[in-house]
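Work through the following exercises with the sequence and the model side by side, and compare each step with the solution given.

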Amino acid sequence: KIEDRNEANKIINELKICDPAVGSGHFLVSALNELIAIKNDIRILQDREGRRLKEYQFEVVNDELVVTDEDGELFEYSPNNKESQRIQETLFHEKQTIIENCLFGVDINPNSVKICRLRLWIELLKNAYYKNETELETLPNIDINIKCGNSLISRYSLDADIKKALKNSKWSIESYRLAVMTYRNARSKEVKHGMEKLINDIKSDFESEIAANDKRLIKRNKTKGELFALTNQQQLFAMGKTEKANWNKKVKKLTTDIRKLETELEEIRNNKIYENAFEWRFEFPEVLNDNGEFLGFDVVIGNPPYIPLEAFEVSERKFFNNKYSQLERKYETSVPFILEGLSILNNNGLLSYIAPITWQTGENYSKFRNYFFEYFGLEKLINLPFNIFEDAYVDTALYFVSRKPNSEYSIHVFDKKAKVETLENLEYNKFKISEIKSPDFKIIIDKTAHKFSRFDYKNFVQFGSITKSTQGLSGSNFPETNKVESEFIFSFLAKGNVYNYCLAKNSIYNTDLTNKRNLIQFYQAEPKILIRRIINRQDRLSVTYCDERLVFKKDINPFIPIDDKFDCYFLTGIIASKLISFLYLNSSSIATKDDFRQTTLTELRKLPIPNVNDELQKPISEIVKEILKFKSENSDADTSRLEN
């Protein structure tokens with residue numbers, strides 16, 4: 001029960017919500033409408049006289065704010081109706097207040113920024129009202145909180161000291177805030193342009209003062225002073241040989257240090273990387289306190305871009321690798337956006353992104369995962385079983401993260417038995433981080449996978465330690481040949497693939513492996529296990545046994561047993577089992593493209609094989625032989641009983 005509605009409204013109206021890759025503004029528009037619906041839900045939505053809008057229901061349907069009266073009729077604005085006028089005015093001023101005070105966005109694309117501003121403006125326009133019979137209420141300037149720039153790149157860190165800049169400047173944070181408020185309420189282009197110039201002057205002064213306090217600049221000036229003092233010593237000509245050598249050495253070192261610092265400073269001034277740099281430090285005065293310290297946002301939301309690191313120029317890659325030391329080797333930009341989003345969040349804030357799942361299990365993200373769970377808290381994770389975005393080539397998840405580390409996280413996954421995938425069909429699991437954190441820490445997503453994460457593998461060996469393996473070959477590199485038979489002429493499987501306990505052969509031609517003698521061992525007529533690169537729609541690895549002299553295309557990976565202790569039929573049965581497929585899917589960094597997932601040799605080699613004797617292997621080997629016999633006679637034969 002809320003006693004003071006004005007105070008409650010004030011609290012909500014002071015929330016700061018930011019989308020650092022705002023795009024067309026979809027998330028901010030949704031947040032705008034959601035905040036109004038929340039005010040209605042907690043019974044604090046009121047008009048400017050303080051009267052509550054209790055006869056009306058406000059809800060968000062498909063991101064649109066829908067208003068209905070107590071009879072369920074849709075609200076329509078009628079200027080001649082006093083009650084209708086009251087509702088319209090309330091909605092207009094509520095939206096204006098939230099847009100001006102609560103919503104902030106940044107995007108590198110100037111066109112996206114324009115579209116976002118336009119979408120917010122249209123939301124306000126939907127509830128524009130007549131002040132009199134002919135005159136509509138003037139729309140304010142709501143564009144100042146949506147800015148153009150590269151969210152990931154800035155010259156000045158968030159903790160850069162602005163106090164000295166404020167002391168030396170004629171401006172204060174309060175005067176900056178006042179300039180922004182004046183801009184919003186400017187009624188003419190002249191006033192608006194004047195305030196734009198003033199705001200830019202203030203930012204420029206802040207920037208100059210911060211630049212003057214740059215540690216590198218201070219160090220350079222200090223080093224220059226040391227060099228000046230050293231080279232102007234009066235006793236210069238009275239030095240002995242050793243003293244002169246030491247003097248030269250010092251001069252050389254100081255000169256080198258100065259040159260290095262000047263190069264760094266020049267690079268910051270002129271580097272193309274900083275062309276679109278976005279300075280969080282003073283772009284949004286609303287998230288600075290009176291001393292100019294960066295407080296951060298209450299909520300950071302969005303769908304950051306997924307651009308692979310290779311798409312950037314070398315200088316940009318170097319910059320990102322230096323800035324985001326928690327990342328290693330290959331990564332895509334959604335992960336730096338997670339780090340950046342958390343850095344601009346205040347201590348009690350929440351980050352909520354829809355982003356790829358790749359960092360949850362990928363080997364190249366292990367350093368990031370350990371850093372993430374040491375310094376931040378994963379409050380909730382929803383792995384989505386379907387692609388939200390038609391053009392996305394990776395599966396996505398919803399992440400809810402705080403700046404405070406926690407001891408456990410909750411996973412929400414869709415109930416596989418549910419016919420409709422809605423938020424109501426979410427299964428809920430909680431995991432203690434201490435139970436699963438390890439040097440190769442991966443995010444565990446369900447209880448069964450959790451059991452296997454704690455499984456004792458001492459009675460197992462890795463598949464790769466008892467086999468040798470390679471990737472299949474590209475057919476374009478192995479053209480058909482008319483050569484006569486020789487030890488280097490092999491049949492090449494041009495069309496066909498591996499299915500469970502079955503090798504489909506639709507097209508075969510002869511090819512010459514003379515230049516690939518080192519690979520011939522994988523294609524001789526010897527027992528081997530074939531694993532298809534693509535995981536099938538039943539979430540199973542496709543595995544079969546083969547002892548033919550045959551070359552395989554790149555969609556098939558051959559494994560040859562090299563330890564006499566293990567029978568090839570036994571290994572086939574283990575790798576083809578549902579258990580191994582489950583383990584692979586829940587511990588792999590599998591790439592997802594469109595609607596298929598693919599295996600990697602590195603991860604297949606890590607699969608566990610029970611380290612058992614011939615007596616325990618034999619029953620499994622016999623069943624595998626029986627399944628293979630049925631499948632060779634009829635590839636569609638139902639062997640599920642034997643497989644189970």
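**Exercise 1.** Which residues form one aromatic cluster?

*Solution.* The model is a predicted one, in which local features need pLDDT of at least 70 and side-chain atom pairs count only at pLDDT 80 or more, while totals for chains, interfaces and linings use all residues. Residues are numbered from 1 along each chain as its sequence is written, and side-chain values use heavy atoms, with hydrogens and water left out. Rings of Phe, Tyr and Trp (its six-membered ring) pair if their centres lie within 6.5 Å; planes under 30 degrees apart count as stacked, over 60 as edge-to-face and the rest as tilted. The cluster is formed by Trp-359, Phe-368, Tyr-371, Phe-372, Phe-373, Tyr-375, Phe-376 and Tyr-399.

**Exercise 2.** Classify the pair of Phe-492 and Tyr-509, and state whether these residues are buried or exposed.

*Solution.* The structure holds 21 aromatic pairs. In the pair of Phe-492 and Tyr-509 the ring centres are 5.4 Å apart and the planes stand at 25 degrees, so the pair is stacked. Both Phe-492 and Tyr-509 are buried (under 20% relative accessible area, with exposed over 50% and partly exposed in between, for a 1.4 Å probe and protein chains only).

**Exercise 3.** Find the ring over which the charged end of Arg-549 sits.

*Solution.* The criterion requires NZ of Lys or CZ of Arg within 6 Å of the ring centre and within 35 degrees of the ring normal. The charged end of Arg-549 sits over the ring of Phe-490, 3.7 Å from its centre; Lys-380, in turn, lies over the face of Phe-400, at 5.0 Å from the ring centre.
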